[in-house]
Amino acid sequence: MKVVRRKVATRSTSRRSLPTRATKHAEVSELGRKLLTLPRLNAWGAFLTAHKALENILSRELESACGLPLTWFDALAQLRMAPAQRLTMGRLASALLFSKSGLTRLVDRLVEAGLVERLARPGDRRSLHIALTDAGEAKYRQALPIHLEHVKRHFAAYIEDGEAAAVESALVRMANAVRRESGL
């Protein structure tokens, strides 16, 4: 009687072929060290500071000049650029990077101010469009040159034409990645 022996993978052999949690963590750590260089960390800090400062000053100055908070202006701008100057709540939330509940509160205030209106979507009674009103269009037209002047003074004045494409490219890559990762 002949005995046939098969090589059976042992637990230690099969573990060596699959990365362990510790190995994966070490790989991620090493990748993090390569990506989080001092220049990149410095750029991150500068981005955060500039973003927060710009958002505060642009909002304060726009509201002071024409009574329109920056988030309201952004919503009116998104609607102004949309086909037929209307968007679904989901598309507007995605464009503004708002949660649905946050957008509902914003839209409530805009409706109350008479700048937008909620309209039933043709063929779908459960869904609404948010549409720009004539008053919203007028307010947007009033605010646009003011906003552009503030952007020119507080942002564009600090970027050379030769740097603009690199700044835009990096920020667009980040925005696209974040939108993909967050499902927006």
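Predicted model: local features only at pLDDT ≥ 70, side-chain atom pairs only at ≥ 80, totals over all residues.
Is the crossing of α4 and α7 left-handed or right-handed? Residues are numbered from 1 along each chain as its sequence is written, and side-chain values use heavy atoms, with hydrogens and water left out.

Start with the rings. The structure holds two aromatic pairs, meaning rings of Phe, Tyr or Trp (its six-membered ring) with centres within 6.5 Å. In one of them, Phe 73 and Tyr 140 have ring centres 5.4 Å apart and planes at 15°, so this pair is stacked (planes under 30 degrees apart; over 60 is edge-to-face, the rest tilted). Phe 73 sits in helix α4, residues 70-81, and Tyr 140 in helix α7, residues 134-154, so the pair links parts of the chain 67 residues apart. Helices here are DSSP runs of H or I, at least four residues, numbered from the N terminus.

Now the helices. α4 and α7 pack at about 115°, axes 10 Å apart, with axes fitted to C-alpha atoms over the stretch in contact and angles running from 0 to 180 degrees between N-to-C directions. That makes α4 roughly perpendicular to α7, the class for 65 to 115 degrees. The crossing is left-handed: the near helix is turned anticlockwise from the far one by less than a right angle.

Methods
Helix = DSSP H or I, 4+ residues; strand = E, 2+ residues; numbered from the N terminus. Parallel < 35°, antiparallel > 145°, perpendicular 65-115°, else oblique.
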